[in-house]
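Good morning, and thank you for coming. Please take a moment to look at the sequence and the structure before we discuss them together.

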Amino acid sequence: MKKFLLAGAMGFLILSCSKKENTEVPSVDSETSAVSEPAKANLSGDQIIETLDCSGCHSVNERMIGPSYKEIAEKYSEKDIELLASKIIEGGSGVWGGVPMAAHPQVSKEDAKKMVEYILSQKSK
């Protein structure tokens, strides 16, 4: 029975850790009023996070399934941006407990770095 529950919980986590659909909004050119295709290059780290499933496991202030952004910011520094960006893309486990973070291969290295910079900005002053 425990194996069945564990498998169900892991299935839920994997499904909840996938890209949200239809979350990007096209931008409007203020001079021509033409709608252009959305470009994540123009999104900030917190906006990129909002387009993904991160809030299913993380919040800014409170530990959920995964650590809060403040906890991550307290543990890591600017020198860890590459490492953390890789963890977003490739997934990871063992640092914050037994529940692994799913991989997000659809996230570019550049966007993952923006996400990490936002998360690290949550460090308590």
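Which residues does V107 touch, not counting residues up to four places away in sequence? The model before you is a predicted one, and in it V107 touches L52, I88, I89, A112 and M115.

These contacts lead us to the nonpolar core. The largest nonpolar core has 18 residues. V107, M115 and V116 are those with the most contacts inside it. The elements that give two or more residues to this core are four helices: α2 (45-51), α3 (69-75), α4 (81-90) and α5 (109-120). As a general remark, nonpolar side chains tend to be buried together in soluble globular proteins.

Is Q122 buried or exposed? Its relative accessibility is 14%, and because buried means under 20%, Q122 counts as buried. Which residues surround Q122, leaving aside its neighbours within four places in sequence? Q122 is in contact with V60, Y69, K70 and A73.

I now come to the charged residues. How many salt bridges does the count come to? The count comes to three.

One of them is formed by R63 with E71, where the closest N and O atoms are 3.2 Å apart. Both partners are partly exposed: R63 has a relative accessibility of 44%, and E71 has a relative accessible area of 28%.

Another salt bridge is formed by K109 with E82, the closest N and O atoms being 3.6 Å apart. This pair links distant parts of the chain, since K109 lies in helix α5 and E82 in helix α4, 27 residues apart. K109 is partly exposed, at 33% relative accessible area, and E82 also counts as partly exposed, at 42% relative accessibility.

E82 has a further partner. K113 forms a salt bridge with E82, and here the closest N and O atoms are 2.6 Å apart. This pair, too, links distant parts of the chain: K113 is in helix α5 and E82 in helix α4, 31 residues apart. K113, at 27% relative accessibility, counts as partly exposed.

Thank you for your attention; I would be glad to hear your comments.

Definitions and conventions. Residues numbered from 1 in each chain as written. Predicted model: local features only at pLDDT ≥ 70, side-chain atom pairs only at ≥ 80, totals over all residues. Heavy atoms only, no water. Core = buried A, V, L, I, M, F, W, Y, C linked by side-chain atoms within 4.5 Å. Buried < 20%, exposed > 50% of the residue type's maximum accessible area, 1.4 Å probe, protein only. Contact = heavy atoms within 4.5 Å. Salt bridge = Lys/Arg side-chain N within 4 Å of Asp/Glu carboxyl O.
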